[in-house]
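Have the viewer open and follow along.

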Amino acid sequence: MIKEWDSEGNVADWDGSVTNGVTHGNSGGVTHGNSGGVDRKLGMLGSLRASMRRKSPLTKLTQRSKVKSASDLPSVDNNPNNSTNTHTHTPPPSPSLSLGSPLSGLSGFFQKKDGTSGGSPLKTPQSHARAQSESSVALGDLLLKKGASLRRSLRLGSKRPAPERPANQEPLHCVVEASQSEQSAGRSEVAEKEEVRESYVLPEIPPLPLSVMQINKLIELEVLEEAHLNLLSLRREFLHQQEALGAEASPVELAHLEKDLSLLYGALRAKMADIVRQSSVMPARNKELLVQVARVVQEEERRAGEAGGLGGWREAWREAVRDGVRDVLRAVHLDTPDHNTSWLAVHLGLLGKALVENLERVKAELQGSYPPSFRVFHHYVDACHDVTAEHLQRLMGKVTELKDYFALLDFMTHRYHSERIMGSFSLRPEVKEEQRELRIPEEFHQDIKKQYCRQLQVELRGSLEKILQLEREEMWEEQLQPRIEEELFESHIHMDIWMSVQSPVVNARRIDADLEQRVLNTCLSELQLFPRRLEEEFMRWSGALLDERLWGDYTITYINSFSSLREHMESYKDSSPDHVTRLSVELEGAELRLRHALLQHYMNQTKPLLRRMMTRKWLSTDEDFNQLLKRTQDLREQCTHMDPKHTQAFASEVHLYVVKEYISPLMKNSYSCKNRKHQRAATKLSSQWGQLRDLFQEMRSTADWLHPVGDHLSNIIGQKNKSDIKTHLPALVEDYPDISKRHVAAVLLFRGVSRGRERQLILQRVAELKQDVRSAGNAETHERVLFSGIPAAAHTHCLTHTPLSCITRLLPDT
């Protein structure tokens, strides 16, 4: 049999017997020697010997070291009157603190040297208040001796004696030294990377617990195993008192002990939470302590429901894990927008790196400190998801710019579960693909999208205002000529606007289809206000512009720009038909208004000239017509730089206007050609009408139905015989069914036919022809409206409606 000597000089063999007066039998009972009393050092020495056996290389060589089963653990009756009887107590199998911990030998830490207990036996319900007369110096002496014994055992029997400690030395220094020695020894064992087993054997619970202050001191010094065993002893004492007093006890009598238990359990839980929390940053330092934390959690879960304890230990452990991850994320550098415009993108990059490094530490170092049932890596991954979501929500309050909103959305949607972070090769295969997704609350996800679109609307509005300001400063104020591309006046406006919309839409598409749709709708809605805004600013500025030709060039430029922008936006019609339609209506309206403004400008220039057509001055000079022709030719040249889709429509509008205004003076009965002047007027009308026809054909006017009116009027005015006028009426009425008898009467008056039988016959023939046209119901003729828009003089002869038979009788025989 192999024997060894402990720090007190006792000889211990490997089966646990002690030759110095106390012998342990195989049954777990205790036989006392000459002293006749219970040796209070038994618990300390037994635990210490067990610790030395576990640490000794001799034990490893002989492979004789073993862990006692739950049935072999001795239990001391807590009845103070039963001092001689001994019996065995078999605790139920439970998951437990590792007996290999160097701190497990501290069960006799606070027992007196004479072998008597440091606390008095339970005699009254108030005996739970531990004797406070035990001074801190005595506690320090015991701690010092215990630490020295542990150091000697860890040094494998070093002959150097431990130095004497002065009586007034602070006890905490000794405990810290012992703790550091234990940690250094523990670190030497970390290299073995032995996995913590799921089941364990709970060490012997002290028969009498330490005082509340002593237990609290153990908790503060992170001697968790010894503190927990004494807590269990104190809890057993509470249960015994509760059972002993029964119904006769007042709740107040046990309140103090219950309060002590609650405070100590709270302190133990807080210390354990602090250890778990710090393990995310310093895993190696807390490795052995984490083993004890896991055993405490397991034991307390096994005792759930018993009085005097606390519940929710596993959830408290998970919350401590989350707190540790929170500390990791809070330590990530976060700059301010004032110092770094890319503050959020940089922070999110560092955040992802910190998450990966933290999980790598958990995988490499922390997993081995817990039993498999704790699923450590799984809970740390869950904690990363939850804490990252919380962190992003806090960051949301600091975001004010569009790029930062996008950085958040991109991190949440793509970067977090990518190979850079949760999909990192170093985290496989533990983190499976379905576990990578960041659990963001749907409300927060929708809120950040709304904020993104709201900020996009603000920035787009600012961009459009800058585009307008640039146009004002670079073009209007400098009065620069618009550039010509592919024979058309072009401006940078439509391309700038197109890029202002296209860029955020493409970026949003990288996030998801929902954000793309929202961004598109936001941009299209904001663009609806821009055409009228540009139109108003341009008209306000052009009021002081003296160069009318330049004004026309600018107007055509913006007509082309709005047309091109409308074509660009048509590409989004399938995605957002309603918004595209509304924007197209606004753009088309702006085009029509600008076209009308250009036409109105031409009308203002030519109205005085057209007002003198078909008058005495017109017949005598060509000055007004030549000016009209010159203004129209200038307009034609400008229209060559207009979008062809607008050129034809605009040329047709100008064509109709010129024809109406040209023949309008003819309908006012202001001049009558006499003395055969009508033939000269007809010749001139035919010549000028031909020039106008050629000009509008060059402008690509689609109102070619206006060309015959000049020829019809010229034929009527130039007829030598009045009776021959009726032969030209069918073609006139057929081409222009909206002509009335008043219009024909005005033409006859210009011809010099103001009264007489022939005039009445001509007007009667017009009425018959119009009736035939109405009966035919030609739909095409209804679209050709010319004369109905020209007012005719209400000049009628007194015999206009007189029956023809009566007129014949009144007329002379000539």
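The loop between α12 (402–415) and α13 (442–476) holds P429. In this predicted model, the peptide bond from R428 to P429 is cis, with omega near 0 degrees. For context, most peptide bonds are trans, and most residues other than glycine have a negative phi.

M614 is not a glycine, yet its phi is positive, at about 55 degrees. You will find M614 in the loop between α18 (577–610) and α19 (616–620). Its relative accessibility is 1%, so M614 counts as buried. R700 is likewise a non-glycine residue with a positive phi, here of about 65 degrees. This arginine sits in the loop between α22 and α23 (707–718). Because its relative accessibility is 40%, R700 counts as partly exposed.

**Helix pairs**

| Helix pair | Angle | Axis distance |
|---|---|---|
| α10 (343–366) and α11 (376–396) | about 165 degrees | 10 Å |
| α14 (493–511) and α15 (513–527) | about 165 degrees | 7 Å |
| α21 (644–663) and α22 (677–698) | roughly 170 degrees | within 11 Å |

Start with α10 and α11, which pack at an angle of about 165 degrees. An angle over 145 degrees counts as roughly antiparallel, so α10 is roughly antiparallel to α11. Their crossing is right-handed. On the α10 side, the contact is made by L344, H347, L348, L351, L355, N358, L359, V362, K363 and L366. The α11 side brings V376, F377, Y380, V381, C384, T388, H391, L392 and L395. By class, this contact has 14 nonpolar, 4 polar and 1 charged residues.

What is the handedness of the crossing where α14 passes α15? That crossing is right-handed. With an angle of about 165 degrees between them, α14 and α15 are therefore roughly antiparallel to each other. From α14, the contact draws on I497, V501, P504, V505, A508, R509 and I511. L515, E516, V519, L520, C523 and L527 of α15 complete the contact. These residues divide into 11 nonpolar, no polar and 2 charged.

Turning to α21 and α22, their axes cross at roughly 170 degrees, which means that α21 is roughly antiparallel to α22. The α21 residues in this contact are A651, V654, H655, V658, V659, Y662 and I663. Those of α22 are L685, Q688, W689, L692 and F696. Here the classes come to 10 nonpolar, 2 polar and no charged.

Is R322 buried or exposed? At 16% relative accessibility, R322 is under the 20% cut-off, so this arginine counts as buried. R322 belongs to helix α9 (residues 313–330). Leaving aside neighbours within four places in sequence, R322 is in contact with E315, A383, D386 and V387. The C-alpha atoms of R322 and Y380 are separated by 7.4 Å, although the two residues are 58 apart along the chain.

N560 counts as buried because its relative accessibility is 2%. Which residues does N560 touch beyond its neighbours within four places in sequence? They are L488, F489, H641, M642 and D643.

**Confidence**

The mean pLDDT of the chain is 76, and 71% of its residues reach 70 or more. Over residues 796–802 the pLDDT stays under 50, and the model has 7 contacts for this stretch beyond four places in sequence. Residues 804–814 also have pLDDT below 50, with 7 contacts in the model beyond near neighbours in sequence. Where pLDDT is low, the predicted coordinates should not be read in detail.

Note on methods: Residues numbered from 1 in each chain as written. Predicted model: local features only at pLDDT ≥ 70, side-chain atom pairs only at ≥ 80, totals over all residues. Heavy atoms only, no water. Axes fitted to C-alpha atoms, helices over the stretch in contact; angles between N-to-C directions. Helix = DSSP H or I, 4+ residues; strand = E, 2+ residues; numbered from the N terminus. Parallel < 35°, antiparallel > 145°, perpendicular 65-115°, else oblique. Contact = heavy atoms within 4.5 Å. Nonpolar A, V, L, I, M, F, W, Y, C, P; charged D, E, K, R; others polar. pLDDT = per-residue confidence, 0-100. Buried < 20%, exposed > 50% of the residue type's maximum accessible area, 1.4 Å probe, protein only. Left-handed = near helix turned anticlockwise from the far one by under 90°.
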